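The sequence and the coordinates are shown below.

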Amino acid sequence: TTRCATTAPASPATLSAKNEGKGKRVMIVGGDGYCGWATSLHLSARGYKVAIVDNLCRRSFDDQLGLNSLTPIVGIHERVRTWGELTGNDIELMVGDVTDYEFLGESFKSFEPEAIVHFGEQRSAPYSMLDRSRAVFTQYNNVIGTINCLYAIKEFAPDCHLVKLGTMGEYGTPNIDIEEGYITIEHNGRTDTLPYPKQGGSFYHLSKVHDSHNIHFAAKAWNIACTDLNQGVVYGISTEETMIDERLINRLDYDSVFGTALNRFVIQAAVGHPMTVYGKGGQTRGFLDIRDTVQCLQIAIDNPASKGEMRVFNQFTEQFSVNELAEIITKAAPKVGLSPEVINVPNPRTELEEHYYNAKNTNLKDLGMQPHLLGDNIIETLLQYAVQYKDRCDKTLIMPSVSWKESGSKVVTHGNVKA
């Protein structure tokens, strides 16, 4: 058995001994993905009965575009088998597509979930802007998959709690504070509390906006309990469970299509490529460690919404601009023998590069979230991982390759070919 070289050896005995889940049955749609895999193991280790539902399309995107995870990830069957062998905790695996309602219905009837965590969506803004076919796929896959989950709950598990992963990108960058899902408005002498205005910045973000509207309607119409988690940009790779064995390691994307800002900068620094700041670099977003992603999901499951309610949590811990991220890495990198440079490149996106940004995020903290804040030790650990696997990096995939303005009907066939 091989362990990850940059992490102290762990064993199943070091995992949480608490039976926090008490056997609660949680279906995780998209459980083979970056957030889904970490969440699946986190819950399984804590006494929840977990079933992964996944059509494995995230792996096929790599095959389509010639991309790869910096970390070597094994197939989902080996992942699940390894977890069971090392911990004695079995995860049920159902390979299929939630846009296929017959498959999803049979999965519900077989597993009988008490909660469903829905990660199973195409999650890249650049992928959704590659070309017309990817835009259509993103909207169909994400919106229809969510509608199917809502119908499956209504038909097969009416007491099941839907925990849906949204995105902070639904809000855009308004020149007012971003509230958690709802805003109270006074207009012409009358007052109402309404869903916060949405300004998605890509066909991906807009698919999430449509999801939120559909969930809000279904919760009221069908008396379903729903939690919408508007998550910020996730960074990191390590959770307690994914580091037990190298066969459990999570994926780490560095390309310009699926790589997220902080992870991409760390890997660029490790392989000697200048960190690529898009435009002026004042773009500000909410960020969180992947360890906080799994913590927040457990909190949402353990504290379900009321029936008929779509509750919204803004799921992030800190706010940074792109320039601030680059500065943090530049300061931490010498501690591991690196001296990264920063370059400003033309922004391929249509977005404000300097703007006001102040988002509220108190709901999860009120329920007990203990955040892992970004510090030098986290950056150093990430840099060490990136250095360990840097020979797997294809540098031709680093520079931005998808232009919002140039997205067209011609199908793109490689990750470093401009749309």
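## Basis of the description

Two strands pair if DSSP finds at least two bridges between them. Helices (H or I, at least four residues) and strands (E, at least two) are DSSP runs, numbered from the N terminus.

This is a predicted model, in which local features need pLDDT of at least 70 and side-chain atom pairs count only at pLDDT 80 or more, while totals for chains, interfaces and linings use all residues. Residues are numbered from 1 along each chain as its sequence is written, and side-chain values use heavy atoms, with hydrogens and water left out.

## The seven-strand sheet

Seven strands form an open sheet in the order β3-β2-β1-β4-β5-β8-β12, and their pairing is parallel. The edges are taken by β3 (92–95) and β12; each has a single partner strand, so one side of each is left without a neighbour in the sheet. From one strand to the next the twist averages 20 degrees, where axes are lines fitted to C-alpha atoms (for helices over the stretch in contact) and angles run from 0 to 180 degrees between N-to-C directions.

Strand β1 (residues 25–29) pairs with β4 in the parallel sense over four bridges, and valine 29 stands opposite histidine 118 in β4. Strand β4 (residues 115–118) is in turn joined to β5 by four bridges, again running parallel, with alanine 115 opposite histidine 161 in β5. Between β5 and β8 there are seven bridges in the parallel sense; here lysine 164 stands opposite aspartate 228 in β8.

Buried means under 20% relative accessible area, exposed over 50%, and partly exposed in between (1.4 Å probe, protein chains only). In a regular strand the side chains alternate between the two faces of the sheet. Both faces of β5 are covered: His161, Val163, Leu165 and Thr167 are buried on one side, and Leu162, Lys164 and Gly166 on the other.

Glutamine 231 belongs to strand β8 (residues 225–231). Its relative accessible area is 6%, so glutamine 231 counts as buried. Contact means heavy atoms within 4.5 Å; leaving aside neighbours within four places in sequence, glutamine 231 is in contact with Cys35, Leu165, Gly166, Thr167, Met168, Leu288, Thr293 and Gln315.

## Helix α7

Helix α7 (residues 203–222) has 20 residues and reaches 28 Å from its first C-alpha to its last, close to the 28 Å expected at 1.5 Å a residue. The expected span is 1.5 Å times one less than the number of residues. Serine 202 caps the N-terminal end of α7, with a side-chain oxygen 3.2 Å from the backbone nitrogen of tyrosine 204. Just after the helix, asparagine 223 takes a positive phi of about 60 degrees.

The buried residues of α7 include Tyr204, His205, Val209, Ile215 and Ala219. The buried residues of this helix pack against α5, α6 (132–156), β5 (161–167), β8 and β12 (310–315).

## The three-strand sheet

Another open sheet has three strands in the order β9-β11-β13, with mixed pairing. Its edge strands are β9 (233–235) and β13 (318–321), each of which pairs on one side only. The twist averages 45 degrees from one strand to the next. Strand β11 (residues 284–289) pairs with β13 in the antiparallel sense over four bridges, and arginine 285 has phenylalanine 320 in β13 as its bridge partner.

## Nonpolar cores

A nonpolar core is a set of buried Ala, Val, Leu, Ile, Met, Phe, Trp, Tyr and Cys residues joined through side-chain atoms within 4.5 Å. The largest contains 50 residues, of which Leu70, Leu262, Phe265, Ile267, Ile329 and Leu374 touch the most other members. The elements that give two or more residues to this core are α2 (57–65), α5 (125–128), α8 (261–270), β10 (275–278), α10 (322–332) and α12 (376–388). Apart from this core lies another, of 36 residues, among them Leu41, Ala45, Ile91 and Leu364.

Leaving aside neighbours within four places in sequence, isoleucine 329 is in contact with Leu262, Phe265, Val266, Ala269, Met275, Pro340 and Ile379.

## Proline 72

Proline 72 is found in the loop between α2 and α3 (76–87) and counts as partly exposed at 27% relative accessibility. Not counting residues up to four places away in sequence, proline 72 touches Glu246, Ile249, Tyr389 and Arg392. The C-alpha atoms of proline 72 and glutamate 324, 252 residues apart along the chain, are separated by 30 Å.

Key. Polar contact = N/O pair within 3.5 Å; in protein donor to acceptor, adjacent residues only side chain to side chain.
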